[in-house]
Amino acid sequence: MAYLASPRETKAIIDSYSFNFQKKFGQNFLVDSNVLENIIEKAGITEDDLVLEIGPGIGTMTQYLCEHAREVVAIEIDETLIPILNYTLSDYDNVEIINDDALKTDIEKIVKKKNGGKPIKVVANLPYYITTPIIMGLLEGKAPIDSITIMVQKEVAERMQTGPGSKDYGALSLAVQYYADANILMTVPASCFMPRPKVDSSVIKLDIYSEPPVSVCDPEMMFKIIRASFNQRRKTLVNGLKNASNLPFTKEEIEESIEKLGEDVRVRGEKLTLEQFAKLTDILMGED
Ligand code: SAM
């Protein structure tokens, strides 16, 4: 079986199966072998690894993953791609294709069954329409993960690395900073995909921390506070937290806590660092 990472091979497979690209599934297939080789190298995959791929498409990246990893599990939502994957990956006996929505898949169960509960590596060219929920799900889920190497829209990669003061700073940036050391590895122009997306992409690697960089008494509560602070961006932190139906704090408690944190009561959530959100959570929970 030839490698698929070229416009010619990709088109040949697509034509022979009369495959129609589905916009709703964010289908932009990689057609550049240099980019793929680079991703595989930087992901640091070894023959001990179980790799999870989200959205294998026609199997372009999966072929490379199968050659470097011990085993690959690939979750693809589009059932019309399954016969194509069975063909393009027929040379490999270390791959399992699961026809499912990755947002609903029990990844922890897969890790237990296939890797004895040891951390896995995730590698993916993510469908753009669900980048954030996929990343948040992986970070906040229970499945043990060593690293996540993903292709995302360039601006989303930047959003993951940004800090207070930027308009792109938000719950995604804070979750990434809490759970992982994030590094943008490369920018990939739209011309490396078929069909071409409207924007450029970046590959970002998230190396998951064994211990988060800040300590907080209740991480789940901290992320509820973070989400509430960014839900109403133009409101003050006090109003954001007071209006959140899933938070139990009174206006007075919130104001006192913000003052104790050393900030003005009119401060907006987007001004706070991860350390400050952790401290604010401890203060609000009486654990400071
Ligand atoms: N990995 C391939 C490549 O690099 O050429 C395809 C990447 S394409 C950007 C995204 C893939 O994710 C598509 O195959 C799409 O059908 C699949 N996909 C979209 N939503 C999904 C979901 N919720 N669960 C699993 N796969 C999904």
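In what kind of interaction do the side chains of Glu140 and Arg227 meet? In this predicted model, the two side chains form a salt bridge, with an N to O distance of 3.0 Å. The pair links distant parts of the chain, since Glu140 belongs to helix H6 and Arg227 to helix H9 (residues 219-231), 87 residues apart. Glu140 is partly exposed, at a relative accessible area of 33%, and Arg227 is also partly exposed, at 34%.

Glu140 also takes part in helix packing, as one of the H6 residues that meet H8. Helix H6 (residues 131-140) and helix H8 (residues 171-179) pack with their axes 10 Å apart and at an angle of about 30°. This angle is under 35 degrees, so H6 is roughly parallel to H8. The crossing of the two helices is left-handed. On the H6 side the contact involves Thr132, Ile135, Met136, Leu139 and Glu140, which meet Ala171, Leu172, Ala175, Val176 and Tyr179 of H8. Of the residues in this contact, 8 are nonpolar, 1 is polar and 1 is charged.

The whole structure contains 16 salt bridges. One of them joins Lys114 to Glu96, with the closest N and O atoms 2.7 Å apart. Lys114 lies in helix H5 (residues 107-115) and Glu96 in strand E4 (residues 95-99), so this pair ties together parts that are 18 residues apart in sequence. Another salt bridge connects Glu71 with Arg70, at 3.7 Å between the closest N and O atoms. Glu71 is buried, with a relative accessible area of 19%, whereas Arg70 is partly exposed, at 33%. Through shared partners, salt bridges join Arg70, Glu71, Glu96 and Lys114 into one network.

Conventions. Residues numbered from 1 in each chain as written. Predicted model: local features only at pLDDT ≥ 70, side-chain atom pairs only at ≥ 80, totals over all residues. Heavy atoms only, no water. Axes fitted to C-alpha atoms, helices over the stretch in contact; angles between N-to-C directions. Helix = DSSP H or I, 4+ residues; strand = E, 2+ residues; numbered from the N terminus. Parallel < 35°, antiparallel > 145°, perpendicular 65-115°, else oblique. Left-handed = near helix turned anticlockwise from the far one by under 90°. Contact = heavy atoms within 4.5 Å. Nonpolar A, V, L, I, M, F, W, Y, C, P; charged D, E, K, R; others polar. Salt bridge = Lys/Arg side-chain N within 4 Å of Asp/Glu carboxyl O. Buried < 20%, exposed > 50% of the residue type's maximum accessible area, 1.4 Å probe, protein only.
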